[in-house]
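Hello,

I am handing over the structure you asked about. The sequence and model come first, and my notes follow.

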Amino acid sequence: MLDLLSRLSPYDGGAIFSLTARLRSEGWDAAIVAAALTQSRLRAQAQHKFGSRADRMLFTADALEQASRPDAASHHAAVFTAAGVASLREVGAGIGADTLAFAESGIHVTARELDPERAEFAAYNLRDHEGAVVEAADGLADITEDGLWADPARRGAKGRIINPEEWGPPLSAVLAAARTVRVAGIKVAPGIDYSHLPPDATVEWLSSGGELIEAIIWLGIGPPARRAVLLGDASLTIPGDPSGPAAMVDPAPLGEIIYEPDPAAIRAGGIGALCEKFDLAPVAPGIAYLTGGPVSSPFLTGFSVVDVLPLQEKKLARELKARGIGSLEIKKRGVDIAPDVLRARLRLKGRTSATLVLTPLLEGRRAVLVERLPRS
Ligand SMILES: C[S@@+](CC[C@H](N)C(=O)[O-])C[C@H]1O[C@@H](n2cnc3c(N)ncnc32)[C@H](O)[C@@H]1O
C-alpha cells in the first residue's frame with residue numbers, strides 16, 4: 001500500500017473513479033488501491049491540521065479528527081519538559097500526534113494504543129524517532145515511567161460522550177494511574193464540569209484565535225489553580241482549588257466599551273482576575289461581557305459602544321434602517337435569540353455593516369450597537 005501511496009499524485013476527489021480503473025487495469029489489487037486512495041484523501045484532509053507533514057503520515061478518519069493539534073501537542077510537551085520529565089507513558093496514542101511532540105522534545109515516550117490499526121499507524125508516523133516506542137496494549141497497565149499523558153476517547157458511535165466515566169478509558173481510571181507517577185497530564189473536554197476536577201490539580205484551558213480547544217488536568221506541576229492559555233501568546237493563572245465555583249463579580253452600568261473575554265479565560269474562571277486587573281465589571285449578573293474604559297489585554301476583545309437600542313424586533317429594524325445598516329454581525333449572551341433568525345427577520349437593506357451585541361444590561365435586555373476596536 002505504501003508503495004502505491006508514494007506514487008499517487010495529489011488527491012483529486014473528482015478523478016477517483018478514473019484513477020481506480022487505471023490502477024486496477026495496471027494490475028494493482030483492489031484492496032490496496034482502496035487503502036492507498038483512502039490514505040491519499042485523509043492526507044489531503046489532514047493538511048489543515050498538520051500542514052505538509054501530513055504527507056508523511058498515516059491516518060484513520062476518526063483518529064485524525066481526535067488527534068491533538070500540533071501547537072497544542074507542543075504545549076503538552078513543553079509542560080512535561082519544564083517539569084523535568086524524561087520518561088513518559090502515553091495512554092491512548094491514537095495516530096501519535098501528541099507522541100510526535102513528546103519525541104521531538106527529547107522525552108522518551110512509551111505510547112500505548114488499544115486499537116491495533118491506530119497503533120500500527122502511530123508507529124509508522126513515529127518511524128524517525130528513536131525515543132518513541134509504540135505498543136498496541138493497555139496504557140494503564142505496568143506503568144514504570146516518571147510521567148503520564150492520557151487523552152481519553154470522548155466520542156463514541158452516537159457522538160460526543162459527556163460523562164467522563166464513559167470515556168475510553170474512564171476519567172477515574174486515568175486519575176488513579178496518574179497518582180502513581182510524578183507528573184501527569186490528562187486531556188479532557190473543555191466544557192467539563194468543575195466538579196470532576198481534582199482539588200489539587202492545575203487545570204488549563206487552551207484557546208487559539210478565540211476558539212476554545214481543550215482542557216488539561218495537570219497533577220504534580222504546581223499548586224492548585226485554573227489557567228487560561230492562549231497558545232503561543234499569553235497565560236492567566238487563577239490560584240486555588242479548580243473544582244470550586246468561579247468567583248462572581250458585581251455588575252456595573254454599561255461604560256464606553258464592551259469587552260468579550262477569550263473563552264479560555266471564561267472557562268478558567270478568570271473574569272474576576274480580569275475585572276480586578278483592568279477595573280472592569282460584567283454588564284449584568286453572571287454575564288461574561290465586561291465593561292469599563294480603554295484597556296489592552298490579549299484576553300479581551302474590545303467593542304466601543306455606539307448606541308443602546310431596544311431589543312424589540314420592529315424598533316430595532318427601524319433603528320438599523322435609519323442608519324443604513326445592511327450587514328450585521330450579531331453577538332449574544334444571556335438572551336435566548338438565534339442570531340440568524342433575528343437577522344433574517346430584520347430584513348436589512350442598507351450599505352453599511354455593523355456589530356450588535358444582544359445582552360442583558362442592568363436596566364434590562366438591550367441590543368448594543370458597537371464598533372470593533374483594533375487589537376493593540
Ligand atoms: C482521543 S484518542 C487519542 C488521540 C491522540 N492524543 C492524538 O493526538 O493522536 C484516544 C485513544 O485512546 C485509545 N484508548 C482507549 N483506552 C485505552 C487504553 N486503556 N489504553 C490505550 N489506549 C486506549 C483509543 O483507542 C483512542 O485511539
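**Notes on the model**

Pro169 sits in the loop between strand 6 (159–160) and helix 8 (171–178); helices (H or I, at least four residues) and strands (E, at least two) are DSSP runs, numbered from the N terminus. This is a predicted model, in which local features need pLDDT of at least 70 and side-chain atom pairs count only at pLDDT 80 or more, while totals for chains, interfaces and linings use all residues. Residues are numbered from 1 along each chain as its sequence is written, and side-chain values use heavy atoms, with hydrogens and water left out.

The peptide bond from Gly168 to Pro169 is cis, with omega near -5 degrees. Asp279, in the loop between helix 10 (271–278) and strand 13, has a positive phi of about 55 degrees although it is not a glycine. For context, most residues other than glycine have a negative phi, and most peptide bonds are trans.

Next, the ligand. There are 22 residues around the ligand, and Ser68, Glu113, Arg118, Gly139 and Asp151 come nearest (a residue counts as near if one of its heavy atoms lies within 4 Å). The shell divides into 9 nonpolar, 7 polar and 6 charged residues; Ala, Val, Leu, Ile, Met, Phe, Trp, Tyr, Cys and Pro count as nonpolar, Asp, Glu, Lys and Arg as charged, and the others, Gly among them, as polar.

Polar contacts (pairs of N or O atoms within 3.5 Å) include these:

- Glu113 places a polar side-chain atom 2.5 Å from an oxygen atom of the ligand.
- Asp151 has a polar side-chain atom 2.7 Å from a nitrogen atom of the ligand.
- Leu114 has a polar backbone atom 3.2 Å from a nitrogen atom of the ligand.

The protein buries 93% of the 610 Å² that the ligand exposes when taken alone (Shrake-Rupley method, 1.4 Å probe).

Seven strands form an open sheet with mixed pairing, in the order 13-14-12-15-18-17-16; two strands pair if DSSP finds at least two bridges between them. Strand 13 (281–282) and strand 16 (325–332) are the edge strands, each pairing on one side only. Strand 15 (residues 300–310) pairs with strand 12 (residues 257–261) in the antiparallel sense over 5 bridges, and Ile257 has Ser304 as its bridge partner. Strand 15 also pairs with strand 18 (residues 364–372), again antiparallel, over 7 bridges. There, Leu309 stands opposite Ala367.

Regards

Technical notes:
Polar contact = N/O pair within 3.5 Å; in protein donor to acceptor, adjacent residues only side chain to side chain.
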